[in-house]
Amino acid sequence: MMELGRVAGVARALIPRSGNEVGRGPTANLALEEALFLKNEGLVLRVWENEESVIIGRGQLANFETDVDYCQAHRIPIVRRFTAGGAVYNGPGNVNWSVFVARSMTSGRLRYDSSPHSIFRVASRPILLALAASGVAAWLDPPNRILTSEGKISGIAAYVSRKGFLCHGTLLVAADLEKVRALTTPSAQAIERKYTRSRDTKTANAGLDVDSFIRNVVSTVADESGLAVETSAPEAEELELMRELVATRYSDVAWNLGDPFAWRDRVAPAVVR
């Protein structure tokens, strides 16, 4: 029998189960994102939670995007993801969503594209539809923010190659917004333009029922892709690659807190930076 993620006409949905996603820890959760991208051959939806942490973008300097001393004093991990964009909060009251689309996905509304603006628009559409079905009026503020009338509820980042794309984002549901602001307000100090800077933006909570949102997003992904969506778990080869990435990069202080351009020759280049 073919593995679930390889069956034609079937998409995979990886959703939280009894805190297992949280139990992996921030470094493993971010490494799993990269592993899922590298191994994906179809369509994968992941909804996941993370322990309290600050997640910075691929091209950022941690010292300019969060209070590193505060985080270290309070044992709040700072982890660099392999996608672009700004710093975001993970932790209590926040849910993350991820959509992985392989290049072989060429039909349906949820299909492969290499244009950053198209990726954000295509991947956020099922999220917006699920939010609407959950009673939340929200919209995409191009290129990569989901807003309500109260403020930003989701920051989005993407990575695309000739193999496929990953688009993922946060979803503030019931977070401590004062803490979110304290941990993700960037320094006003100017630095070289090659480094990505976060934007100081008013945030808000979506205030929805997470279980209902998950059901709705699974349904909208099925509608947008034209595929059956079956609940799954990470496969053995994905977990093996996740552990390798943790050991070689995601647990390395130099990767998380150092100069991202020092890793240029050790990380696969992306079309979206």
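In this predicted model, helix H7 spans residues 210–225 and has 16 residues. From its first C-alpha to its last, H7 reaches 22 Å, close to the 22 Å expected at 1.5 Å a residue. Seen down the axis of H7, its buried residues fall within an arc of 135°, so they line one face of the helix. These buried residues are Phe-213, Ile-214, Val-217, Thr-220, Val-221, Glu-224 and Ser-225. The face of H7 turned away from the buried side carries Asp-211, Arg-215 and Asp-223, which are exposed. Just after H7, Gly-226 takes a positive phi of about 75°.

Two further backbone features lie in loops. Most residues other than glycine have a negative phi, and most peptide bonds are trans. Arg-75 is not a glycine, yet it has a positive phi of about 55°. Arg-75 sits in the loop between helix H4 (68–73) and strand E4 (78–80). Its relative accessibility is 77%, and Arg-75 therefore counts as exposed, the cut-off being over 50%.

The bond from Pro-142 to Pro-143 is cis, with omega near 5°. Pro-143 is placed in the loop between strand E7 (139–141) and strand E8 (145–148).

Note on methods
Residues are numbered from 1 along each chain as its sequence is written. This is a predicted model: local features need pLDDT of at least 70, side-chain atom pairs count only at pLDDT 80 or more; totals for chains, interfaces and linings use all residues. Side-chain values use heavy atoms; hydrogens and water are left out. Helices (H or I, at least four residues) and strands (E, at least two) are DSSP runs, numbered from the N terminus. Buried means under 20% relative accessible area, exposed over 50%, partly exposed in between (1.4 Å probe, protein chains only). The expected span of a helix is 1.5 Å times one less than its number of residues. The arc is that of the directions from the helix axis to the C-beta atoms.
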